[in-house]
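Dear colleague,

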Amino acid sequence: MGEPDLYLLGRNKAEEMRLKRQIANLAPESDAQFERIGIRPGERVLDLGCGPGGVLHLLGKRVGPSGSVVGIERSPRFVQLAQRFVADHELPQVEVREGDAYDTGLSRHSFDGAHMRLVLVNVPEPERIVGEMVSLVRPGGWIASFEADFLSHICDPPLPAWSRLIDTYAAYSAAHGIDLFIGRRTHRLFRAAGVVDIRLDAVVQIYPPGHDRRPILLDFITNVSDKLIEGGFISREQFGEDKKAVERHIANPEVMVSSETFYRLCGRTAQMMTMGV
Ligand SMILES: C[S@@+](CC[C@H](N)C(=O)[O-])C[C@H]1O[C@@H](n2cnc3c(N)ncnc32)[C@H](O)[C@@H]1O
């Protein structure tokens, strides 16, 4: 792996647990997207940045035993976990490989379709990953992206500490070339990479009291707390106060918390032009 790994969220134990919960949390929203695409048995499909499992089980079931799924993940630990995950689901048609989504080394045009969920919102130079992804799909194959935009990640009643933590997280991300609001422009990124027939919809979830993802802002900022503080994006005191204030606020069952906006994009790679004679 030649390039530095500027992935935003880190991969500590807490993040590993969060990603494992995410597998179940987002499965219905992803599976609905796969249903609309019409993924068929026997297809060969790719999932970039699959994490410790992601959607590999959903894709594996859709392509069936005659198809194949390749999951690419940069972290060796997540590769191991994902391999265990697919073994537990008894899906031998799913293979997980360590690799870099910027430069997978996989054969061009060798997949019927490719999918990526919540990778672009955590990395710099997303257009390079999009370009790599599109280049791996055969002409006329399908492309699916599921990407976040922090626009709707709010609480109500509003809380200054919440807004300050979001602004701090966004400023830290932007300083590293990472766009927390990338969801809204995925249609442009994929179009620029040659994807056609783009269809887009968006999902916002509400996280009621007791929901796994209600404290997700706290999960995110805790993952990067040292970097926020050491980078001078917020003082240690302010960070501690804001974190406690948000914890208290969302413990109140009358407070509403909504998710990021998840933009779901489907499209196709252009058909090869056939030259008349
Ligand atoms: C937020 S997680 C999402 C995991 C999974 N797609 C899901 O939706 O549950 C993003 C994943 O992308 C992986 N990742 C980040 N940069 C990568 C890269 N350059 N190549 C491959 N994987 C990468 C991270 O290690 C992490 O597992």
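**The ligand and its surroundings**

An N or O atom in the side chain of aspartate 100 lies 2.8 Å from a nitrogen atom of the ligand, which counts as a polar contact, meaning a pair of N or O atoms within 3.5 Å. Taken alone, the ligand exposes 590 Å², and the protein buries 99% of that, where accessible areas come from the Shrake-Rupley method with a 1.4 Å probe. Please keep in mind that this is a predicted model, in which local features need pLDDT of at least 70 and side-chain atom pairs count only at pLDDT 80 or more, while totals for chains, interfaces and linings use all residues. Residues are numbered from 1 along each chain as its sequence is written, and side-chain values use heavy atoms, with hydrogens and water left out.

A polar backbone atom of glycine 49 is also 2.8 Å from a nitrogen atom of the ligand, and a polar side-chain atom of glutamine 22 lies 3.1 Å from an oxygen atom of the ligand. Altogether 20 residues surround the ligand, the closest being Arg11, Gly49, Glu73, Ala101 and Arg117, where a residue is near if one of its heavy atoms lies within 4 Å.

Searching the whole structure gives 17 salt bridges, each a side-chain nitrogen of Lys or Arg within 4 Å of a carboxyl oxygen of Asp or Glu. One of them joins the side chains of aspartate 31 and arginine 62 (3.1 Å, N to O), and this pair links helix 2 (residues 27–37) with helix 3 (residues 56–63), the two residues being 31 residues apart. Helices (H or I, at least four residues) and strands (E, at least two) are DSSP runs, numbered from the N terminus.

Most residues other than glycine have a negative phi, and most peptide bonds are trans. Glutamate 125, however, has a positive phi near 50°, and a cis peptide bond joins aspartate 156 and proline 157, with omega about 5°.

Best wishes

Notes: Polar contact = N/O pair within 3.5 Å; in protein donor to acceptor, adjacent residues only side chain to side chain.
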